[in-house]
Amino acid sequence: MTGFLAENLKNGEKTTRRLRGIDRWHNLPRSLKKSTRPIIPRKTIYRLSIYSRCLSRLRENGIGTVSSEALAKAAGVKPTQLRKDLAYFGTFGTRGLGYDVTELSQKISNELGTSRLQPVILVGVGHLGLALISYRGFEKEGFEIVAAFDTEPARKRDKKPTLPILSIADMPQFIADNNVKMAILSVPAAVAQEVANTLTKCGVMGILNFAPIVLTVPEDVMVNNVNLAIELENLSYFIQG
């Protein structure tokens with residue numbers, strides 16, 4: 001990742017100039033209506049993703065029902081925590097029989113919004129961005145990278161991209177035309193905030209951020225940060241003798 005940032009840092013000023021050229025899109029309408037969904041702890045949402053993967057493995061192995069104790073053990077949580085998490089979304093399971101694997105899996109997918117393919121765009125096609133758009137596992141999880149954007153779309157890359165790379169100037173129109181609500185950000189830290197500003201003003205509500213910077217976004221926009229250096233530092237602490 002460090003190599004990717006070094007490679008692209010020199011493009012920071014160029015990206016800034018091009019982003020300023022699409023300011024006319026910053027006034028695209030945004031929904032002001034507050035969500036009526038219940039407020040769910042972020043850690044609960046994270047655990048739902050883990051439960052979903054556990055249930056998928058059970059389905060693949062032909063298992064139709066599972067107890068809360070068995071599912072909790074597979075997910076690495078306590079049964080009381082599992083039941084508390086699921087209680088946010090209604091009543092599940094039958095006493096003495098457990099949970100219907102297919103039914104619970106579908107319910108969780110509906111809650112996470114992964115029961116159908118969600119369109120995602122990627123901004124910043126350096127080494128990391130190129131690897132991300134080449135990964136085909138996203139579709140299995142309910143996400144499809146439908147477009148990639150870069151300040152130098154025609155630049156020769158080490159590997160042929162699996163989908164066309166578009167100019168970042170075309171991004172606002174693409175977001176509007178395709179109702180895109182999610183984006184992956186893999187640009188240099190120097191321009192990450194300005195790109196995030198453009199994304200949110202164009203209607204993007206969720207950003208997966210690989211840039212090593214804390215982004216400032218509107219309250220109704222969710223950002224998940226992926227910082228590999230911080231994760232390695234955490235591991236380093238726990239392996240000290």
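Student: Which elements do the buried residues of α9 pack against?

Tutor: They pack against β3, β4, β5 and α10. This is a predicted model, where local features need pLDDT of at least 70 and side-chain atom pairs count only at 80 or more, while totals for chains, interfaces and linings use all residues. Numbering runs from 1 along each chain as its sequence is written, and side-chain values use heavy atoms, leaving out hydrogens and water.

Student: Why does S105 count as buried?

Tutor: Buried means under 20% relative accessible area, with exposed over 50% and partly exposed in between (1.4 Å probe, protein chains only). S105 has 4% relative accessibility, so it counts as buried. S105 lies in helix α6, residues 101-112. Beyond residues up to four places away in sequence, S105 touches L55 and R59. Contact means heavy atoms within 4.5 Å.

Student: What puts the buried residues of α9 on the same side?

Tutor: They are M171, P172, F174 and I175. Their arc around the axis is only 165°, so they sit on the same side of α9. The arc is taken from the directions that run from the helix axis to the C-beta atoms. Just after α9, N179 takes a positive phi of about 50°.

Student: What makes a set of residues a nonpolar core?

Tutor: Its members are buried Ala, Val, Leu, Ile, Met, Phe, Trp, Tyr and Cys residues, joined through side-chain atoms within 4.5 Å. The largest such core has 23 residues, and among those touching the most other members are M171, I175 and L199. α10 gives the most to this core, with five residues. I175 touches I121, V180, L199, C202 and V204, not counting residues up to four places away in sequence. Apart from this core lies another, of 18 residues, among them I40, L71, F92 and V101.

Student: Why are β5 and β8 called edge strands?

Tutor: Six strands form an open sheet in the order β5-β4-β3-β6-β7-β8, with parallel pairing. β5 (165-167) and β8 (222-225) each pair on one side only. The twist averages 25° from one strand to the next.

Student: What makes β7 and β8 a pair?

Tutor: Two strands pair if DSSP finds at least two bridges between them. β7 (residues 206-209) and β8 have four, in the parallel sense. In one of these, L208 has N224 of β8 as its bridge partner.

Student: What counts as a helix or strand here?

Tutor: Both are DSSP runs, numbered from the N terminus: helices are H or I, at least four residues, and strands are E, at least two.

Terms used:
Axes are lines fitted to C-alpha atoms, for helices over the stretch in contact, and angles run from 0 to 180 degrees between N-to-C directions.
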